[in-house]
Amino acid sequence: MAAKKASESFSKTLIEEVHKWGCMKQTGVSLRYMMEFGSKPTQRNLLISGQFLHKELPIRIARRAIELESLPYGLSEKPAVLKVRDWYLDSFRDLRSFPEIKETNDEREFTQMIKAIKVRHNNVVPMMALGVQQLKKGMDPKIVYEDLDEIHQFLDRFYMSRIGIRMLIGQHVELHNPNPPLHCVGYIHTKMSPVEVAQNASEDARCICLREYGSAPEVNIYGDPKFTFPYVPTHLHLMVFELVKNSLRAVQECYMDSDRVAPPIRIIVADGIEDVTIKVSDEGGGIPRSGLPKIFTYLYSTARNPLDEHSDLGTADTVTMAGYGYGLPISRLYARYFGGDLQIISMEGYGTDAYLHLSRLGDSQEPLP
Ligand SMILES: Nc1ncnc2c1ncn2[C@@H]1O[C@H](COP(=O)(O)OP(=O)(O)OP(=O)(O)O)[C@@H](O)[C@H]1O
Ligand SMILES: [Mg+2]
């Protein structure tokens with residue numbers, strides 16, 4: 001069997017250290033804190049931020065590495081999962097072998113190192129998806145999605161933690177940019193227009209739809225384009241892109257063989273006091289009520305799965321309309337990361353409404369699984 005225990009390729013001392021660090025308390029940061037702290041990227045602040053990450057990242061990474069060792073149904077032994085675990089252990093070792101950060105030069109070097117860690121983990125999501133796929137293949141078909149609750153919960157924790165780690169690294173690295181774009185503090189845009197981001201994300205989704213189906217329904221956006229609030233545009237782009245992609249696919253499939261004109265998808269942006277809510281509505285036939293509990297799981301998709309054992313995860317252009325079944329659960333994690341949420345309401349036989357709530361206050365602490 002190809003499965004290796006961590007102890008075979010990593011030293012015993014390293015594994016012991018992982019367990020020690022994995023028990024330490026994680027420290028969460030809020031959007032507001034990141035924004036305020038990052039608005040003055042002085043050398044002193046960068047040093048403080050570097051020192052914080054030097055301590056915080058190994059704690060977060062160690063937790064995930066430990067969890068990867070003891071997954072149910074033998075998921076830990078799947079080759080793809082072993083690879084992911086090795087990435088986590090390599091990154092833990094890199095972080096722990098970096099000496100104490102005392103001055104600016106240390107901090108610069110540290111920044112280069114964590115930048116490389118972020119790149120190392122680029123393909124964690126498709127690689128884990130492949131692992132789950134490998135598990136599914138060898139599993140008793142009688143086991144149904146609901147039985148895999150433990151795996152869904154693990155993946156939710158795992159990906160949520162990944163969002164946090166990547167946000168912290170990305171934010172720190174970006175603060176080094178000597179010419180940051182106007183109103184940007186690292187990844188955060190202090191005057192982000194949700195309508196504008198929704199427009200861009202919809203266009204991107206429509207391009208993929210055009211490529212896949214040869215045509216794409218219209219997307220109409222309602223809301224004040226001048227309205228802005230502080231948020232991370234890449235996160236919002238990703239969420240709207242996933243929702244619009246789902247809606248386009250549903251409408252397209254509904255109207256493909258009919259001579260009626262496909263009804264447009266409607267996006268409504270509402271600015272409340274507590275939340276900014278973005279509703280994506282389609283008339284794509286909805287989701288049967290029995291299917292609703294599955295849509296937020298990582299194993300469910302009504303599309304053909306594009307992953308197979310031979311696909312090259314590193315270089316392939318893997319963006320397709322649908323297929324991993326990851327769009328909704330991952331989008332919901334991004335929403336929750338800054339205190340928001342995502343809900344899906346469906347009317348079978350008519351269409352689907354997705355409500356994306358984004359917390360406006362930015363005070364909520366990072367969820368720390
Ligand atoms: N607007 C919608 N209308 C109808 N069905 C939908 C809609 N949104 C989601 N679904 C159903 O929920 C399933 C899960 O959606 P999700 O976005 O998580 O995965 P996917 O679209 O299948 O794959 P991908 O990971 O590429 O997004 C879809 O396969 C589809 O059956
Ligand atoms: Mg999708």
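Trainee: How many residues of domain 1 are in contact with domain 2?

Mentor: In this predicted model, 27 residues of domain 1 are in contact with 22 residues of domain 2. Contact here asks for C-beta atoms within 7 Å.

Trainee: Which elements give two or more residues to the side of domain 1 that touches domain 2?

Mentor: They are α3 (31–38), α7 (124–137) and α8 (149–174). The largest share, eleven residues, comes from α8. By class, that side of domain 1 has 17 nonpolar, seven polar and three charged residues.

Trainee: Helix α8 also meets α4, I see. What makes α4 and α8 roughly antiparallel?

Mentor: Set the angle against the cut-off. The axes of α4 (residues 43–69) and α8 cross at roughly 160°, and angles over 145 degrees count as roughly antiparallel. The two helices are therefore roughly antiparallel to each other. Their axes come within 11 Å, and the crossing is left-handed.

Trainee: Which residues make that contact?

Mentor: Among them are Leu-53, Leu-57 and Ile-61 of α4, and Phe-154, Phe-158 and Leu-168 of α8. The residues of the contact divide into seven nonpolar, five polar and three charged.

Trainee: Good to know! Where does pLDDT stay under 50?

Mentor: That is the stretch of residues 312–318. pLDDT runs from 0 to 100, and the chain averages 91, with 92% of the residues scoring at least 70. For residues 312–318 the model has eight contacts beyond four places in sequence. Take care there: where pLDDT is low, the predicted coordinates should not be read in detail.

Terms used: Residues numbered from 1 in each chain as written. Chains lettered and ligands numbered in written order. Predicted model: local features only at pLDDT ≥ 70, side-chain atom pairs only at ≥ 80, totals over all residues. pLDDT = per-residue confidence, 0-100. Contact = placed C-beta atoms within 7 Å. Helix = DSSP H or I, 4+ residues; strand = E, 2+ residues; numbered from the N terminus. Nonpolar A, V, L, I, M, F, W, Y, C, P; charged D, E, K, R; others polar. Axes fitted to C-alpha atoms, helices over the stretch in contact; angles between N-to-C directions. Parallel < 35°, antiparallel > 145°, perpendicular 65-115°, else oblique. Left-handed = near helix turned anticlockwise from the far one by under 90°.
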